[in-house]
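Dear colleague,

Please find the structure below, handed over for your records. My notes on one helix and the sheet follow.

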Amino acid sequence: VAQDVRVLIVKLADRVHNLRTLDPFPPERRNEIAHETLQVFAPLAHRLGIMRLKWELEDRAFKYAYPEEFEATVRKVEKTREQRLHLMDEAMETIRNRLAGEGMKAEINGRPKHLYSIWNKQRQQLIDFESIHDLTAIRVIVETVPECYHALGLVHSLWPPITGEYTDHIALPKSNGYQSLHTKVLGPNHEPMEVQIRTRAMHLEAEYGIAAHWKYKEGSSTSPA
């Protein structure tokens with residue numbers, strides 16, 4: 001590992017595969033692997049900035065480490081899913097039209113909050129499910145850094161920002177290299193909504209972390225597998 005961090009990436013991928021095929025194992029072994037994943041492997045994925053692996057590791061391990069809490073969270077999320085998706089689609093279309101009116105090309109998509117992060121937020125902040133409003137986030141992916149800030153201004157012109165809920169991770173990246181603008185606004189129906197704005201390079205870095213960095217250094221234009 002000290003000589004080549006790619007060894008860690010292989011181990012993380014192997015752990016994801018293990019979790020995907022964990023059902024045949026005895027309950028005790030499933031529980032052991034799941035807790036080890038949450039305590040060791042998911043934090044490693046976070047440290048390397050490979051959020052796509054981190055989220056899958058956490059959600060799959062959550063199912064086996066805390067099965068009752070997992071099932072309860074799934075039921076609560078599904079209960080309000082249709083309404084949330086409708087509001088998210090409406091908001092994405094509004095943002096898309098606003099950016100197009102400014103001549104900006106952007107990729108806009110919605111991301112549901114991951115099950116483990118919902119439950120963990122409840123546990124850490126001692127709040128109930130109904131107090132969590134950012135169950136979905138809208139991602140706006142543009143081409144340049146100036147366009148990120150331009151898009152932020154346009155989003156704030158559409159809906160009022162929530163005081164104290166804006167973070168600039170472009171000017172001040174996270175320790176794992178993550179960059180993005182995060183803001184929360186009172187969106188359609190006056191519902192709180194998170195919007196993340198970043199460039200395509202920042203998006204690849206957020207999804208694939210150090211693996212994306214190697215792709216850039218090698219001069220490849222393809223997305224990491």
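Helices (H or I, at least four residues) and strands (E, at least two) are DSSP runs numbered from the N terminus.

This is a predicted model, in which local features need pLDDT of at least 70, side-chain atom pairs count only at pLDDT 80 or more, and totals for chains, interfaces and linings use all residues. Residues are numbered from 1 along each chain as its sequence is written, and side-chain values use heavy atoms, without hydrogens and water.

In H7, Cys148, Ala151, Leu152, Leu154 and Val155 are buried (under 20% relative accessible area, 1.4 Å probe, protein chains only). Viewed down the axis of H7, these residues fall within an arc of 165°, so they line one face of the helix; the arc is taken from the directions from the helix axis to the C-beta atoms. Their cover includes helix H5 (81–101) and strands S2 (136–142), S3 (161–168), S4 (181–186) and S5 (192–199), where contact means heavy atoms within 4.5 Å.

The five strands of an open sheet are ordered S1-S2-S5-S4-S3, with mixed pairing (two strands pair if DSSP finds at least two bridges between them). S3 and S4 run antiparallel and are joined by four bridges.

Key: Buried < 20%, exposed > 50% of the residue type's maximum accessible area, 1.4 Å probe, protein only.
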